[in-house]
Structures are given as structure tokens and as C-alpha cells.
Amino acid sequence: LSALYVLPPGFVESSCHFRIFWMKLNKLLLQGKFFQLEINDPYAGPIPLDERLASRCGYVLSEDVWGNPVFRASVLGCHVANEADELFSLTVNIKVSSFSSMRAAVTYTYPMYCSYSSWASREIVCEENYMEVSVKTDVPAVSNDYTVAWMSALPETQNVAYQLWQLVFVSPSGRKRITVSDAAKLGYSFNNTLSRVYLRAPYHSNESDVSMVSGVNMNMVTSTSMYRQRWLLLLIDTTVSCPVDGISFTDTTLRWTVPSVIPTLVVQESTFLSKNVLMGVDGRIIVKPEEKNYLLEHNETHIRITVPIGAEGGKLKSSISGGVYGIIYSIDLFLEHTWTDADWQTTKYTVIKSITTPFMPQIPTVINNTLPEERLFNVAFGHFLPDVSLVAITIGNVPFTLREAQHHGFKIYETPFSNRTKGFILEVSFEDPYVLKEYVNRNETKYTLLVNYTISVGPEATLYYHSAEVECVIADIELPEAVGYCDEENLYLAIPTFGLHQYWNLYLGNKLLNRHIALTNGYIAATNSTHLILQIPLFAVGVIYEEVSFQKIKARFDVALRKVRTMETLQMFSVSCSFNSSEFIICHPDGTIMISAQMKTVPAIDMSKTKLRDSSCKPREYNEGHAFFKFHVTTCSTSVRFEGDHIIYENEISYEKETLPGQSIPTITRDPDYRLTVLCYYRAKETLVLGVFASDPSTSPPFGSGTMVPRSNIAVYRRIRQALNVVSRVSKDESFVEFYEPNMAILKRPVEPVFLEVELKDESPNTELYLENCWVTRSLDFNSTPRWNITVDG
């Protein structure tokens, strides 16, 4: 059961436009509720409104572009009270319930009134769901004689029932004559008033036809309404034709086109005269369309209305389609065209059209207004219609509601844009923990804000997500500057520790300079609150010797500052000093060995007569107590051997032997008072370039280390001279049974072994024989060169 209630203020708004009842309900008062309309029939009572009833009886129930329910009804509708074709009334029941079943509904009864007296001879209304034509019937009487002649001319009229209206439809399938009651069963509505006859037809009925007129598809029902009584026969053309398309869109406008002349409605086109064209929006005539940026054009073939998308009177609505944000524009237009022709005094042709554009994607834009000097991201996100709201954001991978975001310290607020749109501003500090920070280039930091917006779209609150990435690169990192200095035996580098191991690493050549490398190479690394201090001994691995001369070394130590990820060298830290050193050995990576040797003997020896194993290898420079040698590992009879993971090159500095004259064998010799063994160690895995330079040795860090080993512990004492009875022979094979004759030339290939026997013929029990060095020369002079080693340090 339902009761009658007083309408809430502002719930219903009604008017009468162009002989049409117009009623609008306020959607705000219907939120969360269901409603239903009933048409009040004066005789049968309330009749629920449904689609079939609406199209047959001249009713339309839809929504305006703002979402308010709209009800329209023709003044010639089925249940409209008609007074002399001038005053019309219709009562509607509005039922409102909180339940879809409409139980416990509140019923509001709403009467509507309309006055309309300026009827044209023919009026056609093209509504959303029906076509309606009404014509005047005030025609003069015709004599019976003429009627008989006329009836004999029209076969259909001979069977017209007496005092009953009948309809004849002409369609592609042929002619069909039916009664009014049968037409009602097919969805048509036919009736007559005091002075008019009208026919209402649904679109696309079986009796209709679609034809194209000036590029516009028209739905047409061709019919003749007939009425016969004794002295009168009425044949009334009730043909109606309405456009079913004619809508086109561009990116910025919509266009609605209607033919100016419709052949089925104007038989004698030569007599056609257009009298007036009006346009309206939302049921109201627009007197000056150009003031609202509308364009109304009409010529001999077309009437066209052009509306900019977003123009006043329509509504832009946000929408989501396939996960994409976009907008839809809707506007309710109508067109009224009045013309005259020879067949009809005046025709008033009214078309009501609700137009909605297709979905138009509008990819939101992210505007980077970041302020680097304030170290603050400022990001604008738009443009959106007012029906969009921001509900959440995700920074990085961390979601925040708006309340949580504000509490965390993010600033979020709306900002108006042009064209009645809006955006959302997000402010985030560079120092925020959710901002990504990356060291780039030489001294810059790239700050990256990853944000994912969640917006709610339209009254349906459809969620839409949009991700954005905003970057800002600032030169806010200061590259460190190292300080270098030296003492008598070491080089030092003091390097600021800020950024080390975070942005940069120190490299010695291609090796990361870590604690293990420092210890292995003999460096001492110490840190304080601000600096790393490296102490590098003069003869440590990695020292570059720019100049080496007698008792003087100019040494340099380089450390490369490289980016952690890309290994790009940003800066070279160097310290270079000159050192005075009386004794040193330097092993260059190209195999060059430089030695400054100190020989203290009593008595002092002539340093110019010192030599290497190859007696032709003399000192480059010398003085009273020092000699300076420079040679390559492939020269001067330098020997090589492998020991563990090292290659060891060895030579020996000795004093030139002197031969004292004697009368007979054995000869008396003066042995050197001092010998110095020179060793250079190279890592076997490293590449030692022999014979050619791979690079400038002054810029390549040496990877060899050297050692000088005295070969006598009594070098300061004069050795006792004595003649040794030593005999040596060369055996023909390893049996040592058969020997070559003395002074006999022996031919051996380089790879063949030499079986050498050395015998000490001394009867002293305290004498032992140790074989040290044996070599071969071309002459009897054992000091002659070249010579070939057989045993070294045997």
C-alpha cells in the first residue's frame, strides 16, 4: 500500500515547451532511492509507465546531461485531458522507495498543465522513441455525387467501414489496410481531437522504411488515414519521417545535420519555402546561438548545428574505458523548422535529440614544477573534470591514503586549471626516504620520485590509476681533493673520506685499493674523522719512477677515483717527490732494471771496473763508492727462474777480476772483495713485455720488486789469496767414463746437455769444493765476452 505525500521543495520542476509537457526530478533528492512513474488515467486509474506504453502514447523517460530524471509527454498523449485543442492537463504519480521492489513507496501526485493554440496545419514531432504527426481536419463537406466518383477512383476507399477510421500503410512489402484497434496492437496510436487527427508510430516498425535524404538516414512511415460517413469521406496524409542519424564528431566539435527538404513530406518541392529555423538546448530556445559559441547553419539541402565540445548547456563527464581515462560530452538539442508548400499551408517540424560523444581518451599530464634550489619536488597532475577526486597515492612501492600522506609530510592539494578543469599538486622533499637517490655524472645526484595516483571517477567512483616518474639532477656532491706530501722514505696521500665506497672507490691501476691490497703492497692506511691517509714506501709496488739517475729518484704515486658502478675515472690523485738514495733497485714492467749499488771494500775499489755478469755491461754512472747500472732482463747474461707464482730475474754486480803474473800453473788471481746479487721479482700472472715497450714506462705502475743480496759476509776484509789445484773436464756422455781432450773444440746444440766434471785436487782435509758459476767463452781469457752460462749459482 502507498500513501499520498506532499512534494518536497525543489523535487520537481515542470514546464511546457513546444506543445510538450516537460518534467524534471532533482537527482539529489533521489540519492540512494528508487523511483517509478505512473500515468494517471481519468477513467482507469494509475498505469505504470513502461517502454511500450511510452512509445505508443507519446511519453519519454530519460535523463538530462546532469543526471536528473526527465519525463516528457506530448499534449496529444493517450491520457492527456484536452480542452478544445488549447488547454491540456496530465497527472503523473511519482513513487519513491528505498527498495528496488518499490515496497513501502512514498507516492507524490503531480499534475501538469499546458496551453497551446498556435497549431500549424501539420505538425511533426521526432522524439527519442516515437514519431508523431498531427494535421488539421477542418475540411469542407463533399457532395455524395462527387464522393461516389472519388471512391470509384480509389479502390481502398470502397471498403472503408462506415463512421470508422482506418489506416493504409505503404511499405516496401506492399500496402496494408488495418483498423485503428489493430494498429494499436502493432504499437501505433491513432486518434482525432476536435479539429485534428494524429498518428504516433514507433521507430523501425514493420511498416516503416529507411531512406537516405541528403546524406542522412530517415525513418519513414507512409500512411493515409481514412474516415467515411454518409456525406463525407476524409483521406488524410499522415506520413511521418524522422532522422535517425546525422551526427558526426571531430576532436573539438559535434555536428548534427537534418535535411532541409524531406521529399516524402514535401511532394511539390518547387513550392517549398523555409520560413523559420530555431534551435534549443535542454528545452529552451537559443535566440542568439553565436553568443554561446553554437553555430546554426541552413541552406537548400541541410540544416546543421555545430557545438564545441564542452560548450555551455552540455555536460562533460569523466569516464574510464579499458583502463584509460577520458571524457564524454552530452547535450540535449532540439530543432524546429517551419516551412510552407502548396500541399500544406504550414508545417512545423520539431526534432528532439540527446547527443553524447564517443569516449574521448584524455591521457592525464604530469607537470614537473620541481624547485631544485628548494630541494623540493612539485608535481602537478591533471587536467581533470570536477567529477574526479584523488583518493590515494603510492610513493615508490608504499601506498598512502591522503590522510597518511599528509601525516607523513607530503603536501597534497587541488589547483584550478583553465577550461574549468582541475589538477592535484604533490610536494615531496628530496630528503624523503621514499625518494630514490642515485649518484650520476661527476658530482651530481639524480633524485627520482616514483608516484602512482589513484583517482575516483564520476558518481560511480570508478578507480583509475596513473603512474609517473619525475627526475631532478642537481650538482650537490663535491668531488674530493687529495693532498700529497713526502718524507725521506715515503710518499703520502690524504684523501677526504666523504663519499668513498658510497659513490667512489680508489683504484691502483685496475685493482681496487682495499685493505688487503694495501697490506700486500706494503702500504699503511690510516683514517681519522675526515681523511684517509695512505703511506707508500718509496720502493713499494705501484710507485712510478719518472726520473731515475745516479743517487736521485723522482717518484710519483697515482690513485684513481672511480665511480662505484661504471668504473669511470673521475679524478687522479697524485703525489710526486724527489728522493736522494744511495742504494736502490727498480724493476720496471718493461723489463728494465735500474740499480744504484754501494760497494764498501777495504781497500776501496775502482767503481768504473765493476760490471754485471756480462763484462761488457758497465755502470752508466759512478763515483768513489757507488755505481749506477741500467739494463734489460734479456741482456747482460741475466738469468731467469720460476719460483711459486713469481718470475725471478737475477744478475750480479762484481769487481773486474785481475790476473797477477805468475811463472807457472796454477795462476794467482785476485778475487773480488765484494759481490752483489741483484734479484727482480715479477708476478707470473702479469705480462712482462720484453724487447718492446707496451706503454711509456714512466706512466705504467711497475709490478716488479727488487732485492740486492751481498754474497759475502766478510766483504770488509781482504780475502786470503791462494792457488787452487782445480781440474775440469767435459764428458762425452752421462757415464763420465770417456772425456774430450783438453783445448779441443766441442760442438753442442743449444738444447743439448753438457756433462761437466770439476775436480779439486787438494789434499787438505778442511777444503771443500762448491761449484758456483761456470761459463763458456770464445777464448782462453775467461773475462772475454760474450759468454754463455752453463751453471749459475751452482
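This is a predicted model: local features need pLDDT of at least 70, side-chain atom pairs count only at pLDDT 80 or more; totals for chains, interfaces and linings use all residues.
Buried residues have under 20% relative accessible area, exposed residues over 50%, and partly exposed residues fall in between (1.4 Å probe, protein chains only). Residues are numbered from 1 along each chain as its sequence is written, and side-chain values use heavy atoms, with hydrogens and water left out.

A disulfide is taken as a pair of cysteine sulfur atoms within 2.5 Å. The structure holds 6 disulfides. With the bonded cysteines of the protein chain numbered in sequence order, the pairing reads 1-4, 2-3, 5-6, 7-8, 9-12, 10-11. Strands (E, at least two residues) and helices (H or I, at least four) are DSSP runs, numbered from the N terminus.

One of the disulfides joins cysteine 16 and cysteine 114, with the sulfur atoms 1.4 Å apart. This pair links distant parts of the chain. Cysteine 16 sits in strand E2 (residues 12-17) and cysteine 114 in strand E10 (residues 106-115), 98 residues apart. The two ends are assigned to separate accessibility classes. Cysteine 16 is partly exposed, at a relative accessible area of 29%. Cysteine 114 counts as buried, at 4%.

Cysteine 126 and cysteine 242 form another disulfide, with an S to S distance of 2.0 Å. Cysteine 126 belongs to strand E11 (residues 122-126) and cysteine 242 to strand E20 (residues 240-243), so the link ties together parts that are 116 residues apart in sequence. The link is left-handed, with -85° about the S-S bond. Cysteine 126 is buried at 1% relative accessibility. Cysteine 242 is buried too, at 0%.

A further disulfide connects cysteine 617 with cysteine 636 (S to S 1.9 Å). Both partners are in loops. Cysteine 617 occupies the loop between strand E51 (610-611) and strand E52 (621-622), and cysteine 636 the loop between strand E53 (626-632) and strand E54 (639-643). The pair therefore ties together parts that are 19 residues apart in sequence. Because the torsion about the S-S bond is about -95°, this disulfide is left-handed. Cysteine 617 and cysteine 636 are both buried.

Cysteine 472 is likewise buried, with a relative accessible area of 9%.
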